[in-house]
Amino acid sequence: MSDTFQLRIVTPTRQLLDEPANEVTAPGTAGEFGVLPEHTTFLGSLETGTLSFRVGRATRRLVIRGGFAEVINDVMTVLADAAQFAEEVDAAKAQEDLRTAEARLKDHTPLDDEYIQADTDRRWAEARLAVAGTKP
């Protein structure tokens, strides 16, 4: 039994990661889930939030914006709409994006299409601030 599996994280613009991991915790749309070596075959949708993975004793975190995760034959592939490692997050820009999204939310009702996009942008900004260690 191997104590690692391959973790791949891909966005439409780049491949962030392709390396062995011991454990992954990801934000699924049905709730947070974990993946260990020899995990059963799995396909799930992802919510905006923090994905963490452990390699040996080191844990790294990144923020993802939606997408899908597939686990098959000890390979976990994350196809995210967007993703950033914690150290890549520009906290000042995320704070500005949060203020902009909150202002847009005040101009619409939950029934407006614009409200849904503003709420998605708000959650992305909050997740970036959380992974960067700066609470909104």
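Biologist: In which loop is the place of N73?

Modeller: The model is predicted, and its strands are numbered from the N terminus. Strand β8 covers residues 67–72 and strand β9 covers residues 75–80. N73 has its place in the loop between β8 and β9.

Biologist: What is the phi of N73, which is not a glycine?

Modeller: Most residues other than glycine have a negative phi. N73 is not a glycine, yet its phi is positive. The value is about 50°.

Biologist: Is N73 buried or exposed?

Modeller: Exposed means over 50% relative accessible area. N73 has 70% relative accessibility, so it counts as exposed.

Biologist: Which loop holds E38, and what is its phi near?

Modeller: E38 lies in the loop between β4 (31–35) and β5 (42–46). E38 is partly exposed, with a relative accessible area of 48%. E38 is a residue other than glycine, and its phi is positive, near 60°.

Biologist: How many bridges join strand β1 to strand β2, and through how many residues does the hairpin join them?

Modeller: Strand β1 spans residues 5–10 and strand β2 spans residues 15–21. The two run antiparallel and are joined by six bridges. The hairpin from β1 to β2 passes through four residues.

Biologist: Which residue in β2 is the bridge partner of R8, and how far apart are the closest N and O atoms of their salt bridge?

Modeller: The bridge partner of R8 in β2 is D18. R8 also forms a salt bridge with D18, and the closest N and O atoms are 3.2 Å apart. Because R8 lies in strand β1 and D18 in strand β2, this pair ties together parts that are ten residues apart in sequence. R8 is partly exposed at 32% relative accessibility, and D18 is partly exposed at 37%; the N to O distance asked for is 3.2 Å.

Biologist: Why does the pair of F33 and F42 count as tilted?

Modeller: The count comes to one aromatic pair. The ring centres of F33 and F42 are 4.9 Å apart and the planes are at 45°. Planes under 30 degrees apart count as stacked and over 60 as edge-to-face, so the rest are tilted. F33 is buried, at 15% relative accessible area, while F42 is partly exposed, at 26%; the angle that makes the pair tilted is 45°.

Biologist: Which residues are linked with R122 in a network of salt bridges?

Modeller: R122 meets D119 in a salt bridge of 2.4 Å, N to O, and E126 in another of 2.9 Å. D119 and R122 both lie in helix α2 (residues 113–131), three residues apart, and E126 and R122 are four residues apart in helix α2, so about one helical turn separates them. D119 is buried at 19% and R122 is buried at 19%, whereas E126 is partly exposed at 24%. The residues linked with R122 in the network are E47, D119, R123 and E126.

Biologist: Which residues make the nonpolar surface patch of about 340 Å²?

Modeller: L43 has its place in strand β5. L43 counts as exposed, with 64% relative accessibility. The patch of about 340 Å² is made by L43, F68 and L79.

Definitions and conventions:
Residues are numbered from 1 along each chain as its sequence is written. This is a predicted model: local features need pLDDT of at least 70, side-chain atom pairs count only at pLDDT 80 or more; totals for chains, interfaces and linings use all residues. Side-chain values use heavy atoms; hydrogens and water are left out. Buried means under 20% relative accessible area, exposed over 50%, partly exposed in between (1.4 Å probe, protein chains only). Two strands pair if DSSP finds at least two bridges between them. Rings of Phe, Tyr and Trp (its six-membered ring) pair if their centres lie within 6.5 Å; planes under 30 degrees apart count as stacked, over 60 as edge-to-face and the rest as tilted. Patches are made of residues with over 30% relative accessible area and no salt bridge: like charges are joined within 9 Å, nonpolar side chains (Val, Leu, Ile, Met, Phe, Trp, Tyr) within 5 Å. Accessible areas come from the Shrake-Rupley method with a 1.4 Å probe; for residues, only the protein chains shown count as cover. A salt bridge is a side-chain nitrogen of Lys or Arg within 4 Å of a carboxyl oxygen of Asp or Glu.
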